[in-house]
Amino acid sequence: QQFRFEIRNMRLLNAFYLLGAFSVLPSVIAQNLRLLKKQDICHIPPDDPLNFHTIQVSPNAVKAHLRHGDKEGSCNSYCMDLCQDDDDDDYCTFTEETEDCEENGCPLPVPVDCEDGDPCTENVCTPGVGCEAFDVPPTDTNIPMNDDSWTRQNPDGHYVCDAEGYTIFGTGWRKGNKIYSTRSFNVIGADVYFKFKVSGANYAGWGPFLVMAEGPEWGFFPFSLTTKWSHDGSKVIPSNVWLFAHLHMGKDRTFTTTLATGAYDNDAAEEELIRNTKSLDDYWNGDDDKKDILWEGMSNARLAFTIHDNYGGISEFIVAGEAKIVEPCSS
């Protein structure tokens, strides 16, 4: 009977062992299956980081790879980081987004487009700074004193072109003469420079002026100049002396005039004869519509030299020595 009892206890003990084994078996199997399943790692060679590629490693090896700079998962999940341009910090290139860098490689860096659509700015990208816009410098035009650059008012008049300049003679008693630049300019906001001298043996009206290139051929006479005596507030100018006139046309319908001997209005000028700032209303007190037409006409105007109301006849003359204009960029 005792023997039977021991046998029964042995059977019970074995049953308990079997039950314990079967209860542990699933976790052991699961652990082994986990170890058998490989995990994606984006391997990034330290000495050749653009040669990245996805590898599969045991889960036990993941931490070691991450410590060495690799990333968990496929490389396509990290394209923006992996393809980051080393020059992106210079703000002048960028890398376009991609999600297939492992198959197709990293896209080439793309230059930053700094163009702002403003024709009056030069747009550049400065490394380390980024996009910058600089004002387009003014256009400086010097009009040569020759027949190609100037149109004569009276083809039958007396003119002389030589090293001194373009000489325009009067055509008779109280009859004047003019030349106009062949090319027209936008003088609004611009600086216009005229160099000239006059014979001035008799009374006459003189000087540089502007004339509308389209529409009514109206002239804009910013300088009121005469020889011998003043008329209606004109400035009496010396004869046979080079005069330097500077006209600045403000965009606010004002204009500033200076006239000097020796040089334009700067420290080199010998004597300043005129310095005025006026508005269009000061210049012309007539019809407002005509003022508007004249002002708009200054956006397409020709430069000109004239002798008028000439009491000296054909012996009087004006020598145009220089004409130039500095135009700001206009959008």
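Here is a short tour of selected residues, ring pairs and disulfides in this structure.

This is a predicted model, where local features need pLDDT of at least 70, side-chain atom pairs count only at pLDDT 80 or more, and totals for chains, interfaces and linings use all residues. Residues are numbered from 1 along each chain as its sequence is written, and side-chain values use heavy atoms, with hydrogens and water left out.

**Stop 1: Y159**

Select Y159, which sits in strand β10 (residues 159-162); strands (E, at least two residues) and helices (H or I, at least four) are DSSP runs numbered from the N terminus. Y159 has 8% relative accessibility, so it counts as buried (under 20% relative accessible area; exposed is over 50%, partly exposed in between, with a 1.4 Å probe and protein chains only).

Now show N154 and N177. The Y159 side chain reaches the backbone oxygen of N154 at 3.0 Å, and it makes a polar contact with the side chain of N177 at 2.7 Å. A polar contact is a pair of N or O atoms within 3.5 Å; within protein, one must be able to donate a hydrogen and the other to accept it, and residues adjacent in sequence count only if both atoms are side-chain atoms.

**Stop 2: ring pairs**

A search of the whole structure turns up 13 aromatic pairs: Phe, Tyr or Trp rings (the six-membered one for Trp) with centres within 6.5 Å, called stacked if the planes are under 30 degrees apart, edge-to-face if over 60 and tilted otherwise. Pick W150 and F305: the centres are 5.7 Å apart and the planes at 55 degrees, so this pair is tilted. It links W150 in strand β9 with F305 in strand β21, 155 residues apart.

Next, select W173, Y203, W229 and Y311, a cluster linked by ring pairs.

**Stop 3: disulfides**

Six disulfides come up in a search of the whole structure, each a pair of cysteine sulfur atoms within 2.5 Å. Start with C42 and C75, joined at 2.1 Å, S to S. The torsion about their S-S bond is about 100 degrees, so this disulfide is right-handed. Then try C79 and C101, whose link is left-handed, with -90 degrees about the S-S bond. This pair connects helix α3 to helix α4 (residues 101-104), 22 residues apart.

Finish on C92 and C125, another left-handed disulfide. Which of its ends is partly exposed? C125 is, with a relative accessible area of 24%, while C92 counts as buried at 11%.
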